[in-house]
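Subject: Structure handed over, with notes

Dear colleague,

Please find below the structure that I said I would pass on to you. My notes on it follow directly after.

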Amino acid sequence: MKQIETPLFSSLLEHAKKNPIQFHIPGHKKGNGMDPTFREFIGDNALSIDLINIAPLDDLHHPKGKIKQAQDLAAKAFGADHTFFSVQGTSGAIMTMVMSVCGPGDKIIVPRNVHKSVLSAIIFSGATPIFVHPEIDSELGISHGITTNAVKEAILNNPDAKAVLVINPTYFGFVADLKSIVELAHSHGLAVLVDEAHGVHIHFHNELPISAMQAGADMAATSVHKLGGSMTQSSILNVREGIVNVHRVQSVLSMLTTTSTSYLLLASLDVARKRLATVGEELLTNTIRLANNARNKINSINGLYCPGYDLVGNEATFNFDPTKILISVKKLGITGHDVEVWLRERFNIEVEMSDLYNVLCILTPGDSEEDIQQLIHALEVLVTEFDISEHNTNLNVEIPTIPNLAVSPRDAFYSETESVPLEESVGRIIAEFVMVYPPGIPIFLPGEEITLENLVYIKKNIEAGLPVQGPEDEELLTLKVLK
């Protein structure tokens, strides 16, 4: 088959044209049993292919027909031996990676700034995390990649580790030297798992960092929906044969996947792959041009800073994806969250993320020159309303410290617990996650020792209006700790 083909989406269209009488779920029966207002908004075309795994349409749990063909085309497009579609998002694919290679007590080397899904998988599998500290950017208040030397030290100290997990690229667009990490890990017999949630596009343009499959990694969980044009919640898991047992991967993924798989999501993966494989380079050339122009214009605005290639040059920032537009606003004496709200209310602009010091915008082939011009204009107005402060110019940002892991995350999660007031929790062992979402990187994870510095950091985020999530107590007056 050729990359221009869409076997799954085409078969869904053919099935819909036959207009069969449906005595199967979903119960809305092509929209006839649905609220009419919602039906009118969604449209009959979408509802006609909102189907279930009947024989003509194949079954994601045991693909032998159209889904298998679509996955095989995706594998060729991404340079993998096997590709699995995920309707559980990249979180489901990430959990599959970890649980496919790690069991109770097995060690896995991971950056401390991993997404919550990695840590959830560690709890489910009973694996023991060996944390590698990422490089910290004290000017921006963000974490970069992990260095090859840090991974080497972790492997030498833990020769029985089963795998190493790498983020490629980070949420903010920077990448470590993935190829050297892969070569190092493989020389010691470790599997390399890659969280490629923010890198579906990098495989399709030579001006972008290399992808996990290009670097020789064993598995990569890749969000097609984030930057590749498929529908929200649809992702893929790319697998290379050798160290990893592909059949086990399929089994674990099936265990974590609903049996009522969405064909809308699956079809969107099929057509997104076609677009990336056939015209992705052309589309991304324009996106990169837009991003570089936007970065240059933002950096010409007094009081703002948009990092990029200027930070490239060491192991933690080995390369950079320019489509991530991170804007530091700390010189204006306001928080990134303040700017997010201001952009929303004044210019009807929504950003990807904000924190205490930055806002993050992502560019994709779905953006236009006009969109960028609106953003630049809004930022030019922004700096006229907030004065640049000399104090803020020299401000070193606060970054949460990495606490001591006193108990394994699994043991902490399943231990007997009690709730204590936030102020009285210092020195106790936490039994739940505390994070700012997005990006979903925990400030505390189960098993860590609570520090005063991080409690202050949490309170600062709450006061700034940022979405601190995780604890059972949504007001964050108490934390669950081990008894």
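This is a predicted model: local features need pLDDT of at least 70, side-chain atom pairs count only at pLDDT 80 or more; totals for chains, interfaces and linings use all residues.

Does Ile42 count as buried, partly exposed or exposed? At 35% relative accessibility, Ile42 counts as partly exposed, where buried means under 20% relative accessible area, exposed means over 50%, and partly exposed lies in between, with a 1.4 Å probe and protein chains only. Residues are numbered from 1 along each chain as its sequence is written, and side-chain values use heavy atoms, with hydrogens and water left out.

Ile42 is located in helix 2 (residues 36–42); helices (H or I, at least four residues) and strands (E, at least two) are DSSP runs, numbered from the N terminus. Together with Phe38 and Phe41, Ile42 forms a nonpolar patch on the surface, with about 350 Å² of accessible area for the three together. Such patches are made of residues with over 30% relative accessible area and no salt bridge, where like charges are joined within 9 Å and nonpolar side chains (Val, Leu, Ile, Met, Phe, Trp, Tyr) within 5 Å; a salt bridge is a side-chain nitrogen of Lys or Arg within 4 Å of a carboxyl oxygen of Asp or Glu, and the areas come from the Shrake-Rupley method with a 1.4 Å probe, only the protein chains shown counting as cover for residues.

Leaving aside neighbours within four places in sequence, the contacts of Met219 (heavy atoms within 4.5 Å) include Met97, Val101, Leu193, Leu237 and Val249.

Helix 6 (residues 116–125) is largely enclosed by the rest of the structure, because eight of its ten residues are buried, among them Val118, Leu119, Ile122 and Ile123. The cover over these buried residues includes helix 5 (89–101), strand 2 (107–111), strand 3 (128–132) and strand 17 (441–444). After helix 6 comes Gly126, with a positive phi near 80 degrees.

On the cysteines, the count is zero disulfides, a disulfide being a pair of cysteine sulfur atoms within 2.5 Å. The sulfur of Cys306 is 8.6 Å from the closest cysteine sulfur, in Cys361, which is too far for a bond. Cys306 is buried, with a relative accessible area of 1%, and Cys361, at 8%, counts as buried too.

Val312, in the loop between helix 11 (263–299) and strand 11 (319–320), is partly exposed at 28% relative accessible area, and beyond its neighbours within four places in sequence Val312 is in contact with Thr317, Phe318, Asn319 and Phe320.

With best regards
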